[in-house]
Every structure is written in C-alpha cells, then in structure tokens.
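Reader: I have a model open and want to learn how to read it. Where do we begin?

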Amino acid sequence: EILIDGKSIAHVPTHRRGFGMVFQNYALFPNMTVSQNVAFPLRVHTKLPEEMIRDIVLMKLEAVGLRGAIELMPDELSGGMKRRVALARAIALDPQILMYDEPFVGQDPIAMGVLVRLIRLLNDALGITSIVVSHDLAGAVSHASRILHLQKNGPAFFGTVPEYLNSSLGRRFLGDAGND
C-alpha cells in the first residue's frame with residue numbers, strides 16, 4: 001500500500017495521484033514533436049485552452065533547458081535531450097512526487113552531473129520530492145538525501161545517506177567507496 005500524507009492512493013486515478021514519471025527509455029511518442037510530447041498529459045488530463053497549454057509547455061521546456069527544441073522530433077534528439085523532454089513531460093501537471101526509473105543508465109559522468117543538478121534544481125524550485133530507482137548504489141549515495149535499499153524480501157534499510165554508509169548493509173555493498 002502506498003500512503004501519501006497518511007492517505008492511501010490505491011483507488012485514486014493515476015493522473016490525480018500527484019506523481020510524475022520519467023521512464024528509463026524516455027517513452028516519448030516518436031511521431032510527435034517535443035512540444036506535442038510535453039503537452040500530451042495536459043491535453044489528456046485537463047481542459048485547458050490550447051494557448052495556456054502552449055505557455056505551460058514553453059515553461060517546462062525552459063525549466064529543462066530545451067525551449068529551442070520545441071519543434072524537433074524525438075529521433076532528432078540526443079539521449080540526454082530525450083531524457084530532459086521526458087522530464088519536462090513528467091512535470092507538466094506539476095506533480096508533488098517525481099519518480100525516475102534508472103535515470104543515470106548510459107550517462108557519462110558529466111551528463112550524470114548535469115542531470116543530478118537539474119533534479120535538485122527542480123526539487124527546490126517546484127517544491128517536489130524525487131524518488132530515484134537505481135541499481136547504482138555508489139551513484140545513489142553521491143546525490144541522494146535518503147536511501148531505501150530493497151532486497152528480495154522487501155525493505156532492508158531506510159535512512160539518511162550517512163546512516164546507510166555506516167550500516168552493515170552499506171559497508172557490505174559499498175565498502176569504503178561511499179565514504180570518500
């Protein structure tokens with residue numbers, strides 16, 4: 001069961017749960033422009049006029065540094081640009097919680113640093129919570145504030161990064177790598 005502010009979201013329609021999702025493989029519609037991809041959730045889940053949707057799309061693309069890519073097609077974008085379009089689409093409905101599925105897979109260290117800074121900037125600017133699912137424990141401890149370590153039987157650890165690094169589980173999986 002998932003509780004937000006103490007209330008179950010099990011029977012709340014997906015678009016009303018306050019979640020945004022950035023999928024590992026972007027999940028962009030290949031036959032839609034960047035602006036159409038970002039506008040999609042607004043068109044499906046709101047009754048906003050097109051002029052307002054256009055303004056929101058421009059704001060969200062500006063937030064991720066892609067305002068100039070508005071009429072490009074997904075196949076004209078680099079992997080990092082696709083990831084940022086997916087992020088703009090995920091924040092289109094102003095979610096309270098933004099979930100990322102393996103956002104750093106295939107990213108070089110520079111691109112990963114840019115993405116980590118962008119996630120933090122959006123968290124602070126929009127007042128949202130980000131949940132990052134990752135198999136990269138070393139990367140996770142470098143940019144997270146809290147760690148939930150899952151194993152076969154469920155949660156094995158939940159706490160701050162320093163608590164994780166000092167736990168037997170953290171030491172077992174990271175050794176001294178996380179304490180640099």
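Reader: Which elements do the buried residues of H3 pack against?

Author: Some ground rules come before that. This is a predicted model, where local features need pLDDT of at least 70, side-chain atom pairs count only at pLDDT 80 or more, and totals for chains, interfaces and linings use all residues. Residues are numbered from 1 along each chain as its sequence is written, and side-chain values use heavy atoms, with hydrogens and water left out.

Author: Now the terms. Helices (H or I, at least four residues) and strands (E, at least two) are DSSP runs, numbered from the N terminus. Buried means under 20% relative accessible area, exposed over 50%, and partly exposed in between (1.4 Å probe, protein chains only). Contact means heavy atoms within 4.5 Å.

Author: The buried residues of H3 pack against S3, H1, H2, strand S4 (97-101) and helix H4 (109-126).

Reader: Which residues of H3 are buried?

Author: The general idea first. An α-helix has 3.6 residues a turn, so residues three or four places apart point the same way. In H3, the buried residues are Arg-83, Val-85, Ala-86, Leu-87, Ala-88, Arg-89 and Ala-90.

Reader: What does H1 pack against?

Author: Its buried residues pack against helix H2 (50-63) and helix H3 (79-90). Among the buried residues of H1 (residues 34-45) are Val-34, Val-38 and Leu-42.

Reader: Is Gly-20 buried or exposed?

Author: Gly-20 is in strand S3 (residues 19-22). It counts as buried because its relative accessible area is 4%. Leaving aside neighbours within four places in sequence, Gly-20 is in contact with Ala-90, Pro-95, Ile-97, Leu-98 and Met-99.

Reader: How do I read a phi value?

Author: Most residues other than glycine have a negative phi, and most peptide bonds are trans. Ala-27 has a positive phi, near 55°. It sits in the loop between S3 and H1. Asp-94 also has a positive phi, near 50°, and lies in the loop between H3 and S4.

Reader: Why does Asp-94 count as exposed?

Author: Because its relative accessibility is 55%. Ala-27 is partly exposed, because its value is 38%.

Reader: What does the side chain of Ser-167 reach?

Author: Look for polar contacts: pairs of N or O atoms within 3.5 Å. Within protein, one must be able to donate a hydrogen and the other to accept it, and residues adjacent in sequence count only if both atoms are side-chain atoms. The side chain of Ser-167 reaches the backbone nitrogen of Gly-170 at 2.9 Å. Ser-167 is in the loop between helix H6 (161-166) and helix H7 (168-174).
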